[in-house]
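This report describes selected local features of one protein model.

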Amino acid sequence: MSRDGRSRTRTRTYAAGALALLAFATACGDNGGGGGAAPAAGTTTTPAGPRPTGAAPAGTAATPGATAPAGGDAAAWAKWKLTPLASAPAPPADKPVKLERTGPVPVFSDVKTSDKVVFITIDDGAEKDPKFVEMLTDLKVPISMFLTRDIVKNDYGYFKPLQALGNHIQNHTVDHPVMSKIPPEKQKSEICDDQSALTQQYGTAPLLFRPPFGDGANTPTLNTSVQECGPRAIVLWRESMQIHDMQYQAADKKLKPGDIILAHFRGPKELKGATMTQMFGDLLARIQEQGFSVARLEDYIQAPAS
Ligand SMILES: [Zn+2]
């Protein structure tokens, strides 16, 4: 799980007749833009010291004249030593992604929009740091959680306060296999059994699916397996958060409107000593520096009429 595959797939609807065209780069190390892998620790601007665990004096970190905070108030951002993100625009009434109730599911890694927004997705669920719940409660930054049953089942409850903030729970298999290496019936149980566990635990059925490592996303077998289990789209990503900065598929290493960002629930063991909240704070800083705000992915997706 230390590396995720890189997909060059832009928004694209899977079409049954076009399989041969859908070459999908799953190999680790394919950074998609030809720019090579960005060194994870090479561009940090994070102070070496630990983050504060309590409230900092109000105003110490807020930038004077900064745009209105996205969620919580300026003091909340100051507490986490972050410059507030700009507020996201109101969700579009006409959703750029419209999902169908039946048939092949679309595969996408960004959303077509002119809004200067990106979407944060957080995968797996290994690290269950209470400080991250506190951080999101303070900052109200929207996320989508793609959870793997066998990684979260020892503490389903951890994710409930995150869900209560309005964040959606999505499907990321039972035990995180490389989907293209397992037979169709096993693919189906990986997706269907996660779907039923998450639905039971969180009271709502996941609408979206993400294959581990992005692997197999454009194969007809996986598309069929997803269709049989309930999710109505396969979601990939354009950027992958490391420890202090993102790896970009785009050669210019810049966020674009509608990009979907992949991050993980990770702790100091996976982050070379950094905490989940330090990683997430650095992600927000990288987004803020580029003038983007964070919107909720599901607000840009129209679920099938039921
Ligand atoms: Zn994963």
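## Terms and basis

A residue is called buried when its relative accessible area is under 20%, exposed when that area is over 50%, and partly exposed in between, computed with a 1.4 Å probe on protein chains only. The model is predicted: local features need pLDDT of at least 70, side-chain atom pairs count only at pLDDT 80 or more, and totals for chains, interfaces and linings use all residues. Residues are numbered from 1 along each chain as its sequence is written, and side-chain values use heavy atoms, with hydrogens and water left out.

Helices (H or I, at least four residues) and strands (E, at least two) are DSSP runs numbered from the N terminus. Contact means heavy atoms within 4.5 Å.

## Aromatic pairs

Both Y156 and Y202 are buried. Rings of Phe, Tyr and Trp (its six-membered ring) pair if their centres lie within 6.5 Å; planes under 30 degrees apart count as stacked, over 60 as edge-to-face and the rest as tilted. A search of the whole structure finds six aromatic pairs. In one of them, the ring centres of Y156 and Y202 are 6.2 Å apart and the planes stand at 75°, so the pair is edge-to-face. Y156 lies in the loop between α3 (149–152) and α4 (160–164), whereas Y202 belongs to helix α5, so this pair ties together parts that are 46 residues apart in sequence.

The rings of Y158 and F159 also form a pair; their centres are 4.9 Å apart and their planes at 85°, so this pair is edge-to-face. Y158 is buried at 7% relative accessible area, and F159 is buried at 0%. One aromatic cluster is formed by F132, Y158, F159, F265 and F280.

## Surroundings of I122

I122 is found in strand β3 (residues 117–124) and is buried, with a relative accessible area of 0%. Leaving aside neighbours within four places in sequence, its contacts include F132, F265 and F280, which are also members of the aromatic cluster. Further contacts of I122 include I143, M145, A263 and M276. The C-alpha atoms of I122 and I169 are separated by 9.9 Å, and the two residues are 47 apart along the chain.

## Helix α6

Which residues of helix α6 (residues 220–229) are buried? They are L222, N223, S225, V226 and C229. An α-helix has 3.6 residues a turn, so residues three or four places apart point the same way.

The buried residues of α6 pack against β2 (107–108), α5 (184–202), β6 (208–209) and β7 (233–235). The helix is followed by G230, whose phi is positive, near 120°.

K81 has a positive phi of about 55° although it is not a glycine. K81 is found in the loop between α1 (74–79) and β1 (97–98) and counts as partly exposed, at 46% relative accessibility.

D124 is another residue other than glycine with a positive phi, near 75°. D124 is found in strand β3 and is buried, with a relative accessible area of 5%.
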